[in-house]
Amino acid sequence: MNDHGKSDGPIVPRKSANNGPARRLDSCHPPAGLAESAEGRGPAKGNSRQSPGDRTQSRATPSAALERIRQAASRDKTLRLTALWHHVYDVARLEAAYRAIRPGAAPGVDGQTWKAYGEALEENLADLADRLKRGAYRAPPVKRAWIPKADGRQRPIGIPTLEDKIVQRAASEVLQAVYETDFLGFSYGFRPGRSTHQALDALSVGLTRRPISWVLDADIRGFFDAIDHEWLVKFLEHRIADRRVIRHVKKWLRAGVLEDGHRVEVEAGTPQGGSISPLLANIYLHYAFDLWVHQWRQRHAAGEMIVVRYADDFVVGFRHRADAERFQEALARRLAKFHLELHPDKTRLIEFGRFAAERRKRRSQGKPETFDFLGFTHACGRTRQGYFTVHRRPVRTRLRAKLVTIRKGLRQRMHLPIPEIGRWLGTVVRGWYAYFAVPGTYRILRKFREQTKWLWYRAMHRRSGKDRTSWEQVHRWMDRYVPAPRIMHPYPSVRFDGRTRGRSPVR
């Protein structure tokens, strides 16, 4: 599998999983057929007879056990794994999941904090493992919270209880070992070893090295709230035959939301904030979107086509406009089958690529349009040598939102000692650099730092009417506490080629 999701052979739909029995990890007889197509399959029947050995906890270390699962899933893409749950309630895995949770994370509906739970960690984890083993674990409702978005709206998130976070994280690790062998190369969101910048690199390299002339910038409307529970369970049952795993996933999906003291039943969606929600979302889109796109590219595209997806936000590039239009229509029908729809305001087909500026100039249509992806605005440009390139700059709304955050933070801290304010401001600016300091953004970084200095100067003058803080003083504070702008990321082609080692078809 390469970085743009192409496999060594064509995707062949397989027969229903109910045609053959589910097998354990140590099975050495693979079933017939290939496992890629998910549409139209009914739910698996599961195991009516499960031997005591299925429930025996592995003596292997947690990492070795995951490697065994990964190898078994990789060897046979049709293998349905029957003995997974005992890996979840392994005490060592539960402890590792506890350690991975941020100590300052907000508590769930039970008010249990990370620190309080850790005061009797061994006893608490032993009790949790016993309940998971006996099937006595109950998933409590998640607590609803709202976080502001860059456009001024608010995004709902769910805050599970601490024990729910532990179990979900442990279960996610086990399931990840299975599905990482299935996920395609152009899927980058919420996957170990992958990041937003890798997705941005792949997109930039694809747009510059492939003859792409049209870009479909798409977003799925309210994706996390629209996930159909029945379809998600069917998708899971393509690979998971352990009924205990399926049963607990159903518990999390149906746990409900506690808002303003009232429990609300949830019939669709998975709450953002849960440790397992990103993986479930990726599994849903793997079957509903990724496999279908891969097939469409092989069977229907007349010209070049690239795909980059990060969670529910994706960009598809085409050589021919006819391909793009046919794909957009087919995609809308495909998503509708799984109760999803494209966001009308965030989905656009635009002319983009090395010849876009010249063609639009001949038609007197002005400069090529831009599109936003993962916090960056992408625009057609030229290097100093005259070669086509993709210019990237921070989305203006993101930049303004960060400056507003800094202004509010300085007003809250303006009576604190200068070193304390400076250390806080330096941390904020470094975090912004760490994401947005890509090649070609130096002028924007410098302007961002100057605006930050001006905000600090204004905050000091608001402390009192007699404040005499000079511009030179603020300048010295900035030099001491806030780093100067510098590019922190390599060029997309350099990092992309280094990561793929020349195996990508965009070379």
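This is a predicted model: local features need pLDDT of at least 70, side-chain atom pairs count only at pLDDT 80 or more; totals for chains, interfaces and linings use all residues.
The space inside the second largest pocket comes to about 1000 Å³. Its lining has 29 residues, and R382, T383, T389, V390 and H391 sit closest to its centre. Where does the lining come from? At least two residues each are supplied by α7 (196–209), β10 (376–382), β11 (388–394) and α18 (492–500). Strand β11 gives the largest share of that lining, with six residues.

Helices α6 (162–179) and α10 (243–253) each put at least two residues into the lining of the largest cavity. By type, the lining of the largest cavity splits into eight nonpolar, six polar and one charged.

On to helix packing, where two pairs are worth a look. Two packed helices are described by the angle between their axes and the distance between the axes. Here are the two pairs:

| Helix pair | Crossing angle | Axis distance |
|---|---|---|
| α11 (277–299) and α12 (321–337) | about 150° | 11 Å |
| α15 (418–436) and α17 (471–481) | roughly 60° | within 9 Å |

Take α11 and α12. Angles over 145 degrees count as roughly antiparallel, so the pair α11 and α12 is roughly antiparallel. Their crossing is right-handed. On the α11 side, the contact uses Y287, A288, F289, W292, V293 and W296, while α12 brings D323, R326, F327, A330, L331 and R334. Sorted by type, the residues of this α11–α12 contact are nine nonpolar, no polar and three charged.

What about α15 and α17: how do they lie relative to each other? With an angle of roughly 60°, α15 and α17 are therefore oblique. The crossing of α15 and α17 is right-handed. Helix α15 contributes I418, P419, G422, R423, L425, G426 and R430 to the contact, and α17 answers with W477, M478 and Y481.

Note on methods:
Residues are numbered from 1 along each chain as its sequence is written. Side-chain values use heavy atoms; hydrogens and water are left out. Axes are lines fitted to C-alpha atoms, for helices over the stretch in contact, and angles run from 0 to 180 degrees between N-to-C directions. Helices (H or I, at least four residues) and strands (E, at least two) are DSSP runs, numbered from the N terminus. Angles under 35 degrees count as roughly parallel, over 145 as roughly antiparallel, 65 to 115 as roughly perpendicular and the rest as oblique. A crossing is left-handed if the near helix is turned anticlockwise from the far one by less than a right angle, and right-handed if clockwise. Contact means heavy atoms within 4.5 Å. Ala, Val, Leu, Ile, Met, Phe, Trp, Tyr, Cys and Pro count as nonpolar, Asp, Glu, Lys and Arg as charged, and the others, Gly among them, as polar. On a 1 Å grid over the protein atoms alone, a cavity is a set of points where a 1.4 Å probe fits but cannot get out, and a pocket is an open set with protein on both sides within 12 Å along at least five of seven lines; lining residues have an atom within 4 Å of a point. Grid points are joined across faces, edges and corners, and a volume is the space filled by probe spheres set on the points.
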